[in-house]
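The sequence and structure are shown here.

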Amino acid sequence: MSRQDQQQGIGIGATLKDARRRLGMDIKEAEDRTKIRTRYLRALEAEDWEVLPGPAYVRGFLRTYGQILGLDGGALADRYRREFEEPPAAAPLEPVISNRRPHGSRP
């Protein structure tokens with residue numbers, strides 16, 4: 001993915017689809033070369049993230065698919081992470097010391 005694609009607002013899916021078409025590659029050939037199911041390749045191109053098994057898989061699929069299309073797969077995965085993954089929820093803080101007695105008091 002080029003910086004120009006990012007700056008022009010071209011989505012990840014459109015970038016993948018355009019690159020595949022420029023190479024004259026059909027989706028079946030992409031499946032054969034990447035070993036990623038056609039269903040998932042189509043979901044990537046449509047940015048239908050809910051169809052895909054999970055964020056770690058999506059990032060891996062983007063790296064692999066991008067690479068066979070002559071794109072920077074790492075940049076695609078990073079962009080997906082920034083734009084679509086939710087930040088991890090912070091765990092609630094628990095007190096380190098509970099039932100603390102005032103200094104000098106005895107039980």
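## Glu-31 and its surroundings

In this predicted model, Glu-31 is located in helix α3. Its side chain forms a polar contact of 3.1 Å with the side chain of Lys-28.

When residues up to four places away in sequence are not counted, Glu-31 touches Ile-36, Arg-37, Thr-38 and Leu-41.

## Packing of α3 and α5

Helix α3, which also holds Glu-31, spans residues 27–34, and helix α5 spans residues 55–68. The axes of these two helices come within 10 Å and cross at roughly 115 degrees. The angle therefore makes α3 roughly perpendicular to α5. The crossing of the pair is right-handed.

On the α3 side, the residues involved in the contact are Ile-27, Ala-30, Arg-33 and Thr-34. They meet Thr-64, Tyr-65 and Ile-68 of α5.

## Overall architecture

The protein contains six helices and zero strands. Its pattern along the sequence accordingly reads α-α-α-α-α-α.

Of the 107 residues in the protein, 34% are buried. Considering contacts between residues at least 6 apart in sequence, 53% join residues at least 24 apart.

How values were computed. Residues are numbered from 1 along each chain as its sequence is written. This is a predicted model: local features need pLDDT of at least 70, side-chain atom pairs count only at pLDDT 80 or more; totals for chains, interfaces and linings use all residues. Side-chain values use heavy atoms; hydrogens and water are left out. Axes are lines fitted to C-alpha atoms, for helices over the stretch in contact, and angles run from 0 to 180 degrees between N-to-C directions. Helices (H or I, at least four residues) and strands (E, at least two) are DSSP runs, numbered from the N terminus. Angles under 35 degrees count as roughly parallel, over 145 as roughly antiparallel, 65 to 115 as roughly perpendicular and the rest as oblique. A crossing is left-handed if the near helix is turned anticlockwise from the far one by less than a right angle, and right-handed if clockwise. Contact means heavy atoms within 4.5 Å. A polar contact is a pair of N or O atoms within 3.5 Å; within protein, one must be able to donate a hydrogen and the other to accept it, and residues adjacent in sequence count only if both atoms are side-chain atoms. Buried means under 20% relative accessible area, exposed over 50%, partly exposed in between (1.4 Å probe, protein chains only).
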